[in-house]
Amino acid sequence: MASTLPTLAIPGQRLAPVSSYAAGPGTHVQNANIYASIAGPVLVNPASSKTAKSTLSVSRSPLRKAAPAASPSAPKSTAPGPSKPRYNTLPAVDSIVLARVTRVQKRQATVSILVVLDESASNNKSGPQPTTTTTTPTGGSSDNDNIEAILSSAANPENHSNSDELRFQALIRKEDVRAVEKDRVVMDEMFRVGDIVRGTVISLGDQSFYYLTTARNDLGVVMARSEAGNMMFPVSWKEMRDPVTGAAELRKVARPF
Amino acid sequence: MTDRRRINGPPSGTRPAVFASSLKSASGDATERPRRHRQPNELRKIFLKTGLIPSASGSAYLEYEPSASLAAARSSPQSLIPPSSALKLACTVHGPKPLPRSATFSPNLVLTTHVKYAPFAARQRKGHIRDASERDLGVHLETALRGVIVAERWPKSGLEITITILEAEDDRWWGDAPDSHDAPWGMMNVLAGCITAASAAIADARIDCLDLVAGGVAAIVSDDAVAEEGSSSTPKLMLDTDPAEHKSILSACVVAYMPARDEITEIWLKGDHSKASLGVDDSSLGHEALIDGAINAARGAHTVLVEAVLESAERYAGLSSSDS
């Protein structure tokens with residue numbers, strides 16, 4: 001505890017002994033010491049209980065407004081500015097992802113994962129999450145602006161064919177679509193090609209596909225276009241409506257808020 | 001009809017090759033081998049910058065300081081042929097990205113490395129298809145990096161590291177005749193540069209690493225100044241040798257070294273100095289001394305690497321405007 005933690009760490013830098021902290025993401029342990037394994041700002045997450053140790057981690061994303069307790073001398077974190085966040089986080093079990101449907105079959109739907117939503121953004125739901133479902137941006141942080149940019153380009157039918165090989169592919173099996181009446185699911189009434197789906201990863205799957213599920217109220221289709229090509233709005237948990245033609249289409253809709 | 005049973009001479013006369021090194025200088029300032037002005041344990045300055053290629057998830061550019069002779073030749077050119085060259089290379093890291101469909105399941109990060117010389121990088125023009133030496137460099141680089149990356153944190157994904165060498169080191173002085181000590185010595189300097197640059201680019205891509213691995217080169221050279229006097233050519237250990245500056249390199253070693261853990265992930269030793277008569281002062285001029293020299297050179301490169309990665313982290317964290 002005698003040595004103070006650095007604001008910025010580089011790979012291979014010794015941060016603290018394991019006796020005083022627990023190792024979090026972006027760090028590794030060697031010889032009972034915590035070392036940084038990526039370059040970035042050092043964060044300390046205070047312990048949840050008295051007996052547990054604080055978790056030491058190296059942030060993969062730029063500093064947020066929730067300034068870490070370790071570095072009160074970093075006031076610049078309020079202005080993320082031009083540094084764009086990059087999502088090189090991998091889908092892991094239980095992580096929430098946004099994906100675009102690329103193929104619908106009788107037993108499964110194939111999707112390609114666009115964004116792995118940041119854990120901190122999905123845990124403390126302080127409002128920015130519904131921005132993905134509505135068409136009016138409510139001015140979230142720069143991360144969510146970026147997600148909107150990704151989604152709006154992905155929902156555009158012109159961009160559908162490109163860079164699918166560069167994205168992680170996933171499957172939504174028929175029995176993972178919803179929690180009730182699993183045997184009556186008709187995939188064509190749940191997803192269409194081009195829909196943007198919010199799902200959660202249930203398995204890393206096999207060599208080529210992750211497995212997703214949408215069997216929760218807040219999971220399902222968040223953005224969809226009708227047959228006429230207009231962006232639709234949700235009217236119930238299984239129906240979306242075209243604002244221009246008024247035609248209704250069936251989807252497994254995610255709860256918008 | 002030519003006689004196939006005998007080795008025939010060429011049909012027309014040929015002239016023997018004349019090398020600049022064997023020419024007696026008539027005007028006095030004829031072409032001369034560049035000399036090393038640095039101390040034996042002094043490295044060339046390194047320029048290293050990360051994040052230059054926006055489309056890649058991580059990138060780095062590395063450049064060695066031109067030797068004094070090259071700098072002099074550039075300021076007042078006497079010949080169209082530069083006396084030596086200085087390493088310049090760019091490294092990009094793409095990924096982590098999904099594996100190709102044909103690949104089998106991998107619970108770890110799959111690392112692929114490509115090293116390519118630009119066609120204009122060396123004195124001999126390189127083709128567009130990677131040749132054996134470039135593939136060899138790629139394999140060496142992969143072994144150097146595989147020991148550093150924490151691969152199990154990135155299941156089912158691949159990482160592609162591509163290095164383009166814009167200017168390569170010479171294997172020997174261009175005016176020299178090929179001799180028995182010939183070997184691609186310049187490749188070892190190139191590999192050390194590749195390791196350092198790739199390490200910076202991987203850190204820039206935020207891939208988990210055990211440490212920043214740095215490359216370093218050391219060589220045992222027989223000092224040509226003494227050799228010209230005749231009797232005793234004392235082999236000496238030099239760090240970060242420029243092959244153009246030395247008449248004969250007996251052996252050289254390149255290591256990829258992790259200073260924080262004191263571990264070597266890649267070692268490449270080439271040459272033979274067992275027959276060299278050892279000087280009195282360098283009584284311990286063995287393989288270990290050579291490896292230690294390469295490690296010292298890597299430590300030097302590591303200090304540059306630390307600065308470059310810190311700069312990357314500051315820019316990334318949005319602290320670049322702060323007074324640090």
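Residues are numbered from 1 along each chain as its sequence is written, while chains are lettered from A and ligands numbered from 1 in the order in which they are written. In this predicted model, local features need pLDDT of at least 70 and side-chain atom pairs count only at pLDDT 80 or more, but totals for chains, interfaces and linings use all residues.

**View 1. Chain B at a glance.** Chain B has five helices and nine strands; helices (H or I, at least four residues) and strands (E, at least two) are DSSP runs, numbered from the N terminus. Follow the sequence and you get β-β-α-β-β-α-β-α-β-α-β-β-β-α. Of its 324 residues, 45% count as buried (20 or more other C-beta atoms within 10 Å of their own, with C-beta atoms placed from the backbone).

**View 2. Strands β4 and β5 of chain B.** Strand β4 (residues 109-117) and strand β5 (residues 157-167) of chain B run parallel, joined by nine bridges. Strands pair if DSSP finds at least two bridges between them. Look for B:Leu109, whose bridge partner in β5(B) is B:Ser157. To get from β4(B) to β5(B), the chain goes through helix α2 (residues 132-146), and this β-α-β crossover is left-handed.

**View 3. Two helices of chain B crossing.** The axes of α2(B) and helix α3 (residues 185-204) come within 10 Å and cross at roughly 45°; axes are lines fitted to C-alpha atoms, for helices over the stretch in contact, and angles run from 0 to 180 degrees between N-to-C directions.

**View 4. An open sheet in chain A.** Four strands line up as β1-β6-β7-β3, with mixed pairing. The edge strands, β1 (8-9) and β3 (21-23), each pair on one side only. Three bridges join β3(A) to the parallel strand β7 (residues 54-58), and A:Ala23 stands opposite A:Leu56 in β7(A).

**View 5. A loop residue, A:Ala247.** You'll find A:Ala247 in the loop between β15 (239-241) and β16 (248-250) of chain A. A:Ala247 is partly exposed because 13 other C-beta atoms lie within 10 Å (exposed would be 12 or fewer). Beyond its neighbours within four places in sequence, A:Ala247 is in contact with A:Ser226 and A:Asp242; contact puts C-beta atoms, placed from the backbone, within 7 Å.

How values were computed. A crossover is right-handed if, with the strands pointing away from the viewer, the path from the first strand over the helix to the second runs clockwise. Two residues are in contact if their C-beta atoms, placed from the backbone, lie within 7 Å.
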